[in-house]
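Colleague: I would like to learn how to read the salt bridges, the sheet and the chain contact of a model. Could we go through them one at a time?

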Amino acid sequence: MQRQTAAGRDVPAVAVAAMRYRWPGAARDCLAIEQFAVGGGERVFLRGPSGSGKTTLLSLVGGVILPQAGTVSVAGQPLARLSAGVRDRFRADHVGFVFQLFNLLPYLSARDNILLACRFSAARRARLAVRGTSAEAEAQRLASRLELGDVLHRSAAELSVGQQQRVAAARALIGRPGLIVADEPTSALDADRQQAFIDLLLDECAEAGAALLFVSHDLRLARHFDRIVDLAQINQAAVSGEAAA
Amino acid sequence: MTPLLSLSLRSIANRRLSALLTVVAVALSVALLLGVERVRNDARDGFAQTVSGTDLIVGARGGAVQLLLYSVFHIGHASNNVSWQSMQRVAALPQVKWLVPLSLGDSHRGMRVVGTTDDFFRHYRHGEGRALAFAQGKAFAPAPDGLFEAVVGAEVAARFGYAVGQRIVLSHGSLGGEGGPRFADHADKPFTIVGVLARSGTPVDRAVLVGLEGIEAIHVDWHGGAPIPGLAIGPEHVRKFDLSPKSVTAALVGLDSRIAVFRVQRQINTMGEEPLTAILPGATLQELWSLVGVAERALLAVSALVVVVGLAGLVAVVVASLGERRRELAILRALGASPPQVFALLALESVLLSLAGIVLGLGLLYGAGALAAPGLAATWGLNLGLGGPSAGEWRLLGAVIAASLLASLVPAWRAYRYSLADGLTIRI
Ligand SMILES: Nc1ncnc2c1ncn2[C@@H]1O[C@H](COP(=O)(O)OP(=O)(O)O)[C@@H](O)[C@H]1O
Ligand SMILES: [Mg+2]
């Protein structure tokens, strides 16, 4: 039930190979990863302390920045081969993001925040159309699954942090991108809400057949994931950095 | 279609107070700029049409601007008068249709007295060929019946509370009136007001008009600018004298056909007997405006600066908002917005604000124009056109729009840089 499509199993959601990244002006590499992959529909917990380069890796996976060496592929597509504009559209079509905090545009309603993902991506709308539904209906369906039914019309600024994170999850999920990337999405939540949110995210990704790349410094949240990866283990830049220190 | 337009509208609505204030600032500056441009044009047009329908103005040999100043604006004095015979010769030229003589030199309580004929009311035109209209009464009758009749301009009547039937005393030269020496008054021969002119916005508003013979009559017992001692001829006896004018100061001339104007001008300028100058009033008015027009150009420059200040304020507000909106930009990037789209979003926001300002400014201009137009026309003779923007105003509007486009690049470029540098890092 979890891994519905054959294609989803064969093509990794994320594949990083011989990749090296250094921020402009930085003295040394932030990331140097020989090999890292997230399988189709796989749910990976990526652990690393603060400042270890987790968000940087997610920026690379999103194609917002490009590595100086090596490749980052999403859904089999090496991102560096795409032109900047196409890469931005590719991200809109194939990757859903949930951040730590302030995920929403404060001047839009919860509903419009969710729909925004579809407005930037024709592919998400098309996938919904194939399933015989519309962006509005899907936003409604996700909202009721995430217990947001009665706050959809409210302005994002009026929502509680927990509600905001669930709206962000709905926005990442709408239109069924193959990969959901979550960057410490629970760090602003109360301890007892954290696990509930993660379980929700895991369920929805499974339901949508999406892979989940979840990063956090907090290993206690890593239950229920298919696999746990320690960034320090795969990042040679960090090893050499620590050795030097 | 990306949702940029609705996003920038929503974002503006979210910051509606600062948005409103910047829009109002831009609107006021735009209204000021266009208002100045409009008043400037109308003032120039009004000025250029202080006399219209007159083809030539003739006076003694002298400078064109000087002749225009004393004959039309009643400023300064003629160095010489023109003999009546010379004026008759000009009137007799084949292309000359009419000639209205003007005799200047006396005053009434600081207002100039113009000796002329009742043809003046028939031929004097201002604006788009508008004739003088009477608010009260009628023109003075030709001598001898109307010898001591006078018509006063609207300003004279308003200033001194004059109405038809009142009697006034003229003074010699421009000395007379309140505080002037009493000897200069022609107190023995008062004039009766028979007409009050409606306001025209021309120097006629500030003039007292009488017949040429009246001017002669008050001077029969004068010589060389002072009463002849021991000689006092009362108004009842003065009619026995020859009151036909000996000389006048200037004349307005109308031609059968405007095409002949340069030929007739040359003929008058080269008439042998007495050195005369004929000028084309329109051309000389332009010349005069180019002298006084520096002020209006300075005014326009200042209001253009005010627009620049308004736009700078707008840029400052949008740029200041960027700091707190950096995470918003990162969210948009994550959702698939490209840096050019982020650029466009911010540019759009500034452009929408300045366009709103420009439209509101136009609204203010027309609103204020509609409210102020009757007053301006009555007091200043300014006819603020309420038609669509003129070519000059379109040019200014174009310049303002271009400037606001340029200004919008500032926040847009900053946002573009942010969105490239920040990646998905949500800076808090
Ligand atoms: N936009 C950026 N520009 C320059 N350096 C950055 C930027 N974002 C992150 N870094 C640097 O990269 C390193 C890793 O940061 P980050 O990926 O945010 O770590 P984490 O998400 O694991 O806390 C840090 O040293 C940080 O200073
Ligand atoms: Mg991080």
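Colleague: Is A:Arg141 buried, partly exposed or exposed?

Modeller: Buried stands for under 20% relative accessible area, exposed for over 50%, and partly exposed for what lies in between, with a 1.4 Å probe and protein chains only. A:Arg141 has 29% relative accessibility and therefore counts as partly exposed, whereas A:Glu138, at 7%, counts as buried. This is a predicted model, in which local features need pLDDT of at least 70 and side-chain atom pairs count only at pLDDT 80 or more, while totals for chains, interfaces and linings use all residues. Residues are numbered from 1 along each chain as its sequence is written, chains are lettered from A and ligands numbered from 1 in the order in which they are written, and side-chain values use heavy atoms, leaving out hydrogens and water.

Colleague: What joins the side chains of A:Arg141 and A:Glu138?

Modeller: The rule for a salt bridge asks for a side-chain nitrogen of Lys or Arg within 4 Å of a carboxyl oxygen of Asp or Glu. A:Arg141 and A:Glu138 meet in such a bridge, at 3.0 Å from N to O. Both residues lie in helix α6 (residues 135–145) of chain A, three residues apart, about one turn of the helix; helices here are DSSP runs of H or I with at least four residues, strands are runs of E with at least two, and both are numbered from the N terminus.

Colleague: Which helices hold B:Arg38 and B:Glu393?

Modeller: These two residues form a salt bridge, with the closest N and O atoms 2.5 Å apart. B:Arg38 lies in helix α2 (residues 16–48) of chain B and B:Glu393 in helix α14 (residues 391–422) of chain B, so the pair ties together parts that are 355 residues apart in sequence. B:Arg38 is buried at a relative accessible area of 7%, and B:Glu393 is buried at 3%.

Colleague: How many salt bridges are there over all chains?

Modeller: The count comes to 29 by this rule. Among them is the bridge between B:Glu155 and B:Arg159, at 3.7 Å from N to O. Shared partners also join A:Glu138, A:Arg141, A:Arg176 and A:Glu207 into one network of salt bridges.

Colleague: What is the strand order of the open sheet in chain A?

Modeller: Strands of a sheet pair through backbone hydrogen bonds, either parallel or antiparallel. In chain A, four strands form an open sheet in the order β2-β1-β4-β5, with antiparallel pairing, where two strands pair if DSSP finds at least two bridges between them. The edge strands, each pairing on one side only, are β2 (31–38) and β5 (77–78) of chain A. Strand β1 (residues 14–21) of chain A pairs with β2(A) over seven bridges in the antiparallel sense, and A:Ala17 stands opposite A:Gln35 in β2(A).

Colleague: How much area do chain B and chain A bury between them?

Modeller: The size of an interface is often given as the accessible area lost when the parts come together. Chain B and chain A bury about 2400 Å² between them, 68% of it on carbon and sulfur atoms, where buried area is the accessible area (1.4 Å probe) lost on being put together, summed over both parts. On the side of chain B, B:Arg10, B:Leu335 and B:Leu424 lose the most area to chain A, together 27% of what that side buries. The contact (heavy atoms within 4.5 Å) takes 25 residues from chain B and 26 residues from chain A. The rule finds two salt bridges across this interface, and A:Asp88 forms a salt bridge with B:Arg333, the closest N and O atoms being 2.9 Å apart.

Definitions and conventions
Buried area = accessible area lost by both parts, 1.4 Å probe.
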